[in-house]
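Here are some exercises to work through with the model open beside you. Try each task before you read its solution.

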Amino acid sequence: MSKPSKPSKHLIVTEGKDDIYVFHHLLTHHGISEGHIDFRPYDGIEPLLEALPNQLRESELKRIGIVVDAESKMRTYLS
Amino acid sequence: MATHILLDSLEIKQFRAFEHLRISKLGRVNLIVGKNNVGKTSLLEALWLYAYQGAPNILWKILEGRDEGRGPVPIEPVKSEDVASIIKLLVHGRKNITRGITPIEIGPINSVDKTLSLTLSWFTSQRNEEGIRRLVSLPPDQYELVTDAILGFEMKQGRKQSIYRIDTRAARPQDSENNTCIFVAASGLSQTEVGRYWDGISLTSLEDEVLESLRIIAPEVERVSLVGSRSLGPRSDRLPIVKIDSADDPVPLRSLGEGMNRLFGVALALVNSRNGLFLIDEIESGLHYSVQHKVWELVFEVARRLNIQVFATTHSWDCITAFQEAAKEDEQDEGVLIRLVEKKGRIIADLFDEGDLSVVSREGIEVR
């Protein structure tokens with residue numbers, strides 16, 4: 001049971017922790033401050049998709065980015 | 001949803017912060033969250049007013065609970081304009097109400113028969129042919145022309161209809177159809193209320209329920225009772241005392257901490273709400289997070305057994321997770337979390353069922 005930290009205004013949700021490192025480097029490379037972006041890693045695509053409807057309802061949330069692997073199964077998830 | 005609950009949905013119009021609030025689904029146990037000033041307490045007040053069909057004494061209790069009544073209203077009627085300036089605080093927009101209002105409406109969605117409608121009107125007291133005084137409605141533009149114009153509410157609920165003046169704090173005559181409804185403010189119960197509710201259950205099996213609830217915090221409590229206090233005077237002001245197994249003499253309940261006092265009030269008010277509504281503001285107040293789960297277990301269990309519908313507010317994350325855990329353990333799907341949020345200047349309700357709540361709680365998604 002995790003306790004919410006400060007509510008996120010700008011959030012990127014990912015399938016795993018590794019994806020966050022990619023974004024960290026990407027943002028650093030482009031000189032973008034990470035200060036106002038929060039990251040939330042999930043433990044795979046299934047938990048991410050299960051939580052997503054409620055994740056979108058987080059108070060204060062203005063923008064959300066969803067990072068998932070481009071797999072062949074993606075079509076089934078989207079449908 | 002299992003057995004019958006009093007309200008399966010709720011619609012409130014023109015009351016306090018709510019221009020038009022719709023809550024499409026209610027559970028037996030409902031937890032209300034939201035930022036300050038979005039109307040969590042107002043939601044409880046609307047339900048209180050609904051249960052007592054807009055009775056003037058409840059109206060004044062609501063106002064005084066927020067220091068809006070400017071001190072106790074005298075038994076004798078006061079100037080109607082002064083009353084109007086206070087009553088307008090209950091009306092959405094807080095506009096001048098002397099020329100009438102759009103009706104305040106509270107009730108289940110699309111249920112004309114059950115919806116309580118309150119309209120403000122001016123009246124004058126006239127004698128009929130038999131010499132009995134009755135309130136007669138005045139057109140809104142004529143109240144200034146009549147020296148003894150009286151401000152009153154026209155109440156309608158299904159076929160029931162009545163008019164009552166609101167410049168006194170008179171309760172409406174006891175109506176057997178009235179629902180039971182107890183409101184516990186964030187500050188807790190008054191000593192008079194504690195006395196009254198204790199008398200309502202003393203020496204019944206419900207007294208044991210209250211004792212059991214105290215054992216959530218202090219398992220060593222053997223008995224609980226109320227005694228008169230010499231320093232307090234009137235019999236109505238009595239103090240709860242408890243007998244604990246390690247001491248020969250009873251000790252004041254409060255000496256075991258403020259949490260015990262709060263828990264006593266919660267349990268006492270809950271069991272007295274049998275077959276009715278139990279409304280409690282800031283339920284977590286004074287309760288350590290480690291006991292909140294057990295308090296919710298008690299609330300879910302007692303609410304179902306005594307057929308009570310519960311509405312509680314909170315600001316606390318611990319309280320939400322404790323609510324979610326107790327709801328999950330409870331066999332029936334009866335818990336609903338209601339988040340009030342302001343969107344484009346209007347207050348709306350966002351609902352989380354038990355499935356949503358387990359995700360919110362597990363992932364730490366901020367919903368307050």
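**Exercise 1.** At what angle do helix H5 (residues 205-217) and helix H6 (residues 258-272) of chain B pack, and how far apart are their axes?

*Solution.* First, some ground rules. This is a predicted model, where local features need pLDDT of at least 70 and side-chain atom pairs count only at pLDDT 80 or more, while totals for chains, interfaces and linings use all residues. Residues are numbered from 1 along each chain as its sequence is written, and chains are lettered from A and ligands numbered from 1 in the order in which they are written.

Step 1: find the two helices. Helices (H or I, at least four residues) and strands (E, at least two) are DSSP runs numbered from the N terminus.

Step 2: read off the geometry. The angle between H5(B) and H6(B) is about 150°, and their axes lie 9 Å apart. Axes here are lines fitted to C-alpha atoms, for helices over the stretch in contact, and angles run from 0 to 180 degrees between N-to-C directions.

Step 3: name the arrangement. H5(B) and H6(B) are therefore roughly antiparallel. For the labels, under 35 degrees is roughly parallel, over 145 roughly antiparallel, 65 to 115 roughly perpendicular, and the rest oblique.

Step 4: look at who touches whom. H5(B) brings, among others, Leu206(B), Val210(B) and Leu214(B), and H6(B) answers with residues including Met260(B), Phe264(B) and Leu268(B). Two residues are in contact if their C-beta atoms, placed from the backbone, lie within 7 Å.

Step 5: sort the contact by class. The contact of H5(B) with H6(B) has 11 nonpolar residues, 2 polar and 1 charged. Ala, Val, Leu, Ile, Met, Phe, Trp, Tyr, Cys and Pro count as nonpolar, Asp, Glu, Lys and Arg as charged, and the others, Gly among them, as polar.

**Exercise 2.** Bring in helix H7 (residues 289-305) of chain B and work out how H5(B) crosses it.

*Solution.* Step 1: the axes of H5(B) and H7(B) come within 9 Å and cross at roughly 160°. That makes H5(B) roughly antiparallel to H7(B).

Step 1: the residues in this contact include Glu209(B) and Ser213(B) of H5(B), with Lys294(B) and Leu298(B) among those of H7(B). By class, the contact of H5(B) with H7(B) splits into 6 nonpolar, 1 polar and 2 charged.

**Exercise 3.** Are H6(B) and H7(B) roughly parallel or roughly antiparallel to each other?

*Solution.* Step 1: the packing angle of H6(B) and H7(B) is about 10°, with the axes 11 Å apart. The pair is therefore roughly parallel.

Step 1: Leu263(B), Val266(B), Leu270(B) and Val271(B) of H6(B) meet Val295(B), Val299(B) and Val302(B) of H7(B). The tally for H6(B) with H7(B) is 7 nonpolar, no polar and no charged.

**Exercise 4.** In what order do the strands of the 6-stranded open sheet of chain B run?

*Solution.* Step 1: the order is E9-E13-E14-E3-E15-E16 (chain B), and the pairing is mixed. Two strands pair if DSSP finds at least two bridges between them.

Step 1: the edges are strand E9 (181-184) and strand E16 (346-352) of chain B, each pairing on one side only. From one strand to the next, the twist averages 20°.

Step 2: zoom in on one pair. Strand E3 (residues 29-34) and strand E15 (residues 335-343) of chain B run parallel, joined by 6 bridges. Leu31(B) sits opposite Leu337(B) in E15(B).

**Exercise 5.** Now sketch chain A, starting from its order of elements.

*Solution.* Step 1: chain A has 3 helices and 3 strands, running β-α-β-α-β-α from the N terminus on.

Step 1: the strands form an open sheet in the order E2-E1-E3 (chain A), with parallel pairing. Strand E2 (38-41) and strand E3 (63-67) of chain A are the edge strands.

Step 2: strand E1 (residues 10-14) of chain A pairs with E3(A) in the parallel sense over 5 bridges, and Leu11(A) stands opposite Ile64(A) in E3(A). Helix H1 (residues 17-29) of chain A packs on the sheet, touching E1, E2 and E3 of chain A.

**Exercise 6.** How many residues of chain A are in contact with chain B?

*Solution.* Step 1: 12 residues of chain A are in contact with 14 residues of chain B. The chain A side has 4 nonpolar, 4 polar and 4 charged residues.

Step 1: check the scores. The model has ipTM 0.81 and pTM 0.89.
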